[in-house]
Amino acid sequence: MTIENVVGTLLWTAAGAVLLFILMGIDAYFTKYKDMAEMKRGNTAVTVRFVLKLVAQGYILSRSIVTSDDLGEALLVSFISFVILFVLEWIVEFAFRRIGDLRLDEGVRDGIVGHGLIAGSLHLVGAMIIGSCL
């Protein structure tokens, strides 16, 4: 391993970490509760959803890095994938509300761990599908 490889790895890792921080911040902004405050309170459902969402975004980022020779392209693909997941989450949550009156966002806010698992799993499955397309 050369010094260029080490520096490149540090750069790609730092850029990926910054992107993940931004994406999780955007996600937290659009939730109907305050992620950090709820996690501090010990809301396990919010924590589960947050962790699964972070794993999903990390997986997409790793797949975009593997398939790209350009850092900018990898970050852009990850951001676009985040938007796709965001839209899909909204559509599925809308369908759950209409079909079965299942309100995932309210359940997560209220600490229902099952709702957090469902919401987070939607992200994880979506990430696997998107990742396989990259």
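Modeller: What follows goes through the salt bridges, then the record, then the surface.

Biologist: Before that, what kind of model is this, and which cut-offs apply?

Modeller: This is a predicted model, in which local features need pLDDT of at least 70 and side-chain atom pairs count only at pLDDT 80 or more, while totals for chains, interfaces and linings use all residues. Residues are numbered from 1 along each chain as its sequence is written, and side-chain values use heavy atoms, with hydrogens and water left out.

Biologist: How many salt bridges are there?

Modeller: The count comes to seven, where a salt bridge is a side-chain nitrogen of Lys or Arg within 4 Å of a carboxyl oxygen of Asp or Glu. One of them joins the side chains of Lys 53 and Asp 27, at 3.6 Å from N to O. Lys 53 lies in helix 3 (residues 44-66) and Asp 27 in helix 1 (residues 3-30), so the pair ties together parts that are 26 residues apart in sequence; helices here are DSSP runs of H or I with at least four residues, numbered from the N terminus.

Biologist: Are Lys 53 and Asp 27 buried or exposed?

Modeller: Both Lys 53 and Asp 27 are buried, buried being under 20% relative accessible area, exposed over 50% and partly exposed in between, with a 1.4 Å probe and protein chains only.

Biologist: And which residue does Arg 49 meet in a salt bridge?

Modeller: Arg 49 meets Glu 89, at 3.1 Å from N to O. Arg 49 is buried at a relative accessible area of 3%, and Glu 89 is buried at 9%. Salt bridges that share partners join Asp 27, Arg 49, Lys 53 and Glu 89 into one network.

Biologist: Switching topic, where does UniProt place the "transmembrane region" feature?

Modeller: The unreviewed UniProt entry places that feature at residues 6-30, 42-62, 74-92 and 112-131, although such annotations may be inferred rather than shown by experiment. In the model, residues 74-92 are 100% helix and 0% strand, with the end C-alpha atoms 27 Å apart.

Biologist: Which residues make the nonpolar surface patch?

Modeller: The patch, of about 880 Å², is made by ten-residue-list members including Leu 76, Phe 79, Trp 90, Ile 91 and Phe 94. Patch residues have over 30% relative accessible area and no salt bridge, with like charges joined within 9 Å and nonpolar side chains (Val, Leu, Ile, Met, Phe, Trp, Tyr) within 5 Å. Ile 91, found in helix 4 (residues 71-100), is partly exposed at 43% relative accessible area.

Technical notes. Areas by Shrake-Rupley, 256 points an atom, 1.4 Å probe, with all protein chains shown as cover. Helix = DSSP H or I, 4+ residues; strand = E, 2+ residues; numbered from the N terminus.
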